[in-house]
Structures are given as C-alpha cells and as structure tokens.
Amino acid sequence: MRVKRFEGKKEEAILAQIREEMGPDATIVSTRIKPYPAPLGWFLRPRLIVTASYEVDDTFAQREEAVKTPSILQTARDIMPKEGADPDDSIEESLALLLQEARKATLQTEAKAEEAKPESKPKEATKVKAKTAPPGNENNATHTYENPLAKTLYDTLLSQDVLPEVAARLMGDLSELPADHTDVTDIIKTVYGNIVDLLSNPTLINITKTVPQAVVFMGPTGVGKTTTIAKLASYLSLKHELSVGLVTADTYRIAAVEQLKTYADILGLEIRTVYKASEMLAQMNSLVPPHDVVLMDTAGRSHKNKGNLADIKLLLDEIPDSVRYLVLSINTRYKDLAGIVNAYAEITDFNLIFTKLDESDNLGNLVNICCLTGRKPAYITFGQSVPEDFDAVKPDRIAKSLLGLNGGVTSHD
C-alpha cells in the first residue's frame, strides 16, 4: 500500500492530481479543511487536505506480503507527524491507514485459519465479547475484541505492561464494535482520549512568583528522590528564574545530605537541615519568603514500617499548605508500587513523580498506578543529567507512546 497527502484550494484539481499519480483505483483515506491562521485566514481561501492510498498491483509482492506481513503499528509510525509538524494534519490519516492495515491482516489470518480447518467441520459464526475473570482476580482478566484495530490497540497496551483490567478501562466499550466498523475517529478517541484524560490536570509547581510555595518530596529509598529535587531546583531557578531554597530532612543517610548540599553549592542555593519535626516550621519560615519556592527532601524509608510513615506525617503536619509529591521508580513491580501508594495515602494527599524512564522500555506501570489509585503523574525523569533529564508529564506524548505511534514521551525526544 502507498499513501500520500495532497493539498490545494480546489477539490477538482486535487482529485485530478491523485488520478494522475496513483491511478483510477486510488482510495481517499481522509479529507479535511484547514484554514489559514488569522489574519491571513480572513482573506485567503481555506486549504483542502486529502490523503489517498492505493494498493501495489503485483502478484509476487502480494505473495511475499502473505508470508511476512509488515507490522501494522510500524505502518502507522511511518506516517506520524515529524517533529515541528502540525499533529492535527496527520493523526487522523495515520489511524485511518492503521485500520486498513489491521483489516487486511485480519482477513489474511482468517483465510489461513479457514484453510487449516477440516472440511467436514462447518464454519462457526460467533461474536466475541469481552471476557473478564471472576471478582477478586481482576488483574488477570482477559479481553478479546472482534474489531481488528481495537484488538491491535489492546494488544499494544498489554505489550507495554498495562494490566488487562486497566487496558480494558482505557478501551472503553470497544469490545462491542463489529469487525467491519470503520469509524477511525470513534475508535481512536476512545483509547487515546481516555489515556489523556487519565493523565491530565496534575498539580504542578506554580512558576508565576505570585505565592511562595513549600514542596515536599516523599518516597522509598533508591528511587532517585534527591536527584529529582536537584533537577527541579535547577529547572525552576535557571529556566524560570525563581528564587529556590532547599531543606533536607533525610538525615538518616549522610550521603543524601551531602549530595543535596553539593547541588545547592553548584546552583548557589540556600539549604537548611531539619533533624526533627519541631524544627521544620522555623527552617521553612527562614526561607519562605524571601524564596519563591522551597523544596524539601524527606527520608527514604520502608513504607511497610508504620513508624517511618508517622515520622513523615509529623513533618507534614508542620507545613499543612505544602504541595506534596510521591516519587516512584517506573521499574518497581506493580504490586510493590500499589503498596507504596496506598501506604502514603493513609497519611496525606499527593501527586506522583515517576523516575528512571530511561531504564525501562514500557510505560505500563505509570498508567496502572494512575488508573487504579486515582493519583496523577506530574513529572518524569529519564537520566542522571541535571537539569536536562526532567520534564512535566505530557499526556498526549505518553498516549501516543503507549499506542505504539511514536517513541518519545518528553519534549527532549
């Protein structure tokens, strides 16, 4: 299959160009009108954008394709918008082609299955609906989809380590779609839109210098909490020109205190050390104001130890208006992540920061935790460089990555 996008002012001229380049058997994949931005749009006629495709009529090529079918998602990736392009120009065409390829692959699979059946056994016509495991075993639920594109998207989510229960929620009611349903907008809005909705509107640090803020970071040992604070401090002070102060209450690990002090010296930031909860308020008051933001590191301790959590709660009680983030590693297995989130939820409310995305090929745990706990992901980190390997969560990029449509989840990709 060959795909090309044509642009012009008149439909007749575009169709003539399609017939000339692709022949009379070309198929129109999508048609859309794109006006010029104001003020040019007030005077110029809108542009018409038409995407067309045609099959390569070659018997040998078809036989080769039957032996080795190209990846459906790879086909979609090949026509996704390049960096700097308007994503609205091609996302619909990408998914339309994805549907065409999925339908073709399904027909090939069905034909092979039919050939393998005994001649005496009649073909059974069945409608496949979602199947779920018994209550209490939701994480092992299985779901099947009759529509080829829906099945492709669901399988792609599972390949990213998204739990079956979570993938089914993101798929919505697509299990009811028949195989010949061709409304690409319907299908993609359900999955892509549900992912974006799930990840949207977290609590981010205010960068407007209007009200001083205290920001607390919590989490288990080894997730990169101190490095994350250094990245955020550098991001706020260098990029947004905020005055940033630091507080460390992680006095259980001398290395953590020294690490944060080193970053403070490099960035020219004030830092305070808190040894007990009763010192917290005084140290915060010495920094807010004059600083716009004060970032506080807490001790990384086991979430299974109630005493550890009680100590953190005492610190939080001293600064009730603080913004709070629980820092988690994307590489931690889901059951442990759920245990950590649930334990901290007993003492406070918070949004999430996921670290070490550079060490994992899959984003499943990010949506698993957000979907099943109702927590929002605010920031991600993906390397050791300060402050480069840090970014706010961009739901649209994560949605595309989860669906196999591109590989980057940050603005740095």
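The model is a predicted one. Its protein chain holds 14 helices and eleven strands. Of the 413 residues in the chain, 47% are buried. Counting contacts with a separation of 6 or more, 70% are made by residues 24 or more positions apart.

Helix H1 covers residues 11–22. With twelve residues at 1.5 Å a residue, H1 should span 16 Å, and the end C-alpha atoms do sit 16 Å apart, so the two values agree. The buried residues of H1 are Ile14, Ile18 and Met22. Looking down the helix axis, these buried residues fall within an arc of 40 degrees, which means they line one face of H1.

Now for the helix pair. Helix H6 (residues 164–171) packs against helix H13 (residues 364–373) at an angle of about 75 degrees, and their axes are 10 Å apart. Angles of 65 to 115 degrees count as roughly perpendicular, so that is how H6 and H13 lie to each other. From H6, the residues involved are Glu165, Val166 and Arg169, and they meet Val367, Asn368, Cys371 and Leu372 of H13. Sorted by class, this contact has four nonpolar residues, one polar and two charged.

Conventions: Residues numbered from 1 in each chain as written. Predicted model: local features only at pLDDT ≥ 70, side-chain atom pairs only at ≥ 80, totals over all residues. Heavy atoms only, no water. Helix = DSSP H or I, 4+ residues; strand = E, 2+ residues; numbered from the N terminus. Expected span 1.5 Å × (residues − 1). Buried < 20%, exposed > 50% of the residue type's maximum accessible area, 1.4 Å probe, protein only. Arc of directions from axis to C-beta. Axes fitted to C-alpha atoms, helices over the stretch in contact; angles between N-to-C directions. Parallel < 35°, antiparallel > 145°, perpendicular 65-115°, else oblique. Contact = heavy atoms within 4.5 Å. Nonpolar A, V, L, I, M, F, W, Y, C, P; charged D, E, K, R; others polar.
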